[in-house]
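Here are my notes for your first look at this model. Keep the structure open as you read, and find each residue as it comes up.

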Amino acid sequence: MDTEGAGGERGTSARRRGQGELEAQVLSVLGEATEPVTAAWVLRRLGGGLSYSTVITILTRLHAKQAVTRTGPKRPVLWQPVANEAGLAALRMRRLLDKQSDRDAVLSSFVSVLSADDEELLRSLLADGGPGGPGAPTDRPEG
């Protein structure tokens, strides 16, 4: 008898997935779609072990984080990604930063723990920001 399944998962290979992991999986599946899709479509591609309501919950959370869009009140509701997994991580990082009163200290601490390669990549990205990007000039007055 298979001891793994939704609800009472047991056995050494069964484990509970974290919210972030499920969000990443849902975003990955949505990224495969060539057009907006239903939650049922996402559920089928995620495979067994999840309920429809779990998929709806994850899609709703992703919508609240502005990582996916959904159609209006018509049925069925269709979903599509705005951000991929990297974009979702960036949104999380930005929200955490926005909650801090000392942004300079947070950013300084973050940069201080980067590897040399990551630090160089960050410098490159900031330098090559382009129009409207992080390295672009702003409208703020100098001084």
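1. Overall layout. The protein has 6 helices and 2 strands. Along the sequence they run α-α-α-β-β-α-α-α. This is a predicted model. Of the 143 residues in the protein, 22% are buried.

2. Helix 2. This helix covers residues 39-46, and its buried residues include Ala39, Trp41, Val42, Leu43 and Leu46. Look just past its end. There Gly47 has a positive phi of about 90°.

3. Gln66 sits in the loop between helix 3 (52-64) and strand 1. Its phi is near 60°, a positive value, and Gln66 is not a glycine. Is Gln66 buried or exposed? Gln66 is exposed, because its relative accessible area is 56% and the cut-off for exposed is over 50%. Now find Leu91, which belongs to helix 4. Leu91 and Gln66 are 25 residues apart in sequence, and their C-alpha atoms are 8.4 Å apart in space. Leu91 is partly exposed, at 23% relative accessibility.

4. The loop between the strands. Pro76 lies between strand 1 (68-70) and strand 2 (79-81). Check the peptide bond from Arg75 to Pro76. That bond is cis, with omega near -5°.

5. A salt bridge across the sequence. Side chains of opposite charge can pair when their charged atoms come close. The model has 4 salt bridges. One of them joins the side chains of Lys65 and Glu23, at 2.9 Å from N to O. This pair links distant parts of the chain, 42 residues apart: Lys65 is in the loop between helix 3 and strand 1, and Glu23 is in helix 1 (residues 19-32). Both partners are buried. Lys65 has a relative accessible area of 19%, and Glu23 has 0%. Lys65 counts as buried because 19% falls under the 20% cut-off.

6. A salt bridge within a helix. The side chains of Arg123 and Glu119 meet at 2.7 Å, N to O. How many residues apart are they in helix 6? They are 4 apart, so about one helical turn separates Arg123 and Glu119. An α-helix has 3.6 residues a turn, so residues three or four places apart point the same way. Arg123 is exposed at 52% relative accessibility, while Glu119 is partly exposed at 25%.

7. Arg103 forms a salt bridge with Asp98, with the closest N and O atoms 3.0 Å apart. Arg103 is partly exposed, with a relative accessible area of 34%. Asp98 is partly exposed too, at 42%.

8. The largest pocket. Rolling a probe the size of a water molecule over the atoms shows where empty space is left. The largest pocket holds about 870 Å³ of space. It is lined by 19 residues, and Met93, Leu97, Leu107, Phe110 and Leu122 are the closest to its centre. Helix 4 (85-98), helix 5 (103-112) and helix 6 (116-127) each give at least two lining residues. Helix 4 gives the largest share, 7 residues. By type, the lining has 15 nonpolar, 1 polar and 3 charged residues.

9. A nonpolar surface patch. Met93, Phe110 and Val111 make a patch of about 240 Å². Met93 is in helix 4. Met93 is partly exposed, at 46% relative accessibility.

Definitions and conventions: Residues are numbered from 1 along each chain as its sequence is written. This is a predicted model: local features need pLDDT of at least 70, side-chain atom pairs count only at pLDDT 80 or more; totals for chains, interfaces and linings use all residues. Side-chain values use heavy atoms; hydrogens and water are left out. On a 1 Å grid over the protein atoms alone, a cavity is a set of points where a 1.4 Å probe fits but cannot get out, and a pocket is an open set with protein on both sides within 12 Å along at least five of seven lines; lining residues have an atom within 4 Å of a point. Grid points are joined across faces, edges and corners, and a volume is the space filled by probe spheres set on the points. Ala, Val, Leu, Ile, Met, Phe, Trp, Tyr, Cys and Pro count as nonpolar, Asp, Glu, Lys and Arg as charged, and the others, Gly among them, as polar. Buried means under 20% relative accessible area, exposed over 50%, partly exposed in between (1.4 Å probe, protein chains only). Patches are made of residues with over 30% relative accessible area and no salt bridge: like charges are joined within 9 Å, nonpolar side chains (Val, Leu, Ile, Met, Phe, Trp, Tyr) within 5 Å. Accessible areas come from the Shrake-Rupley method with a 1.4 Å probe; for residues, only the protein chains shown count as cover.
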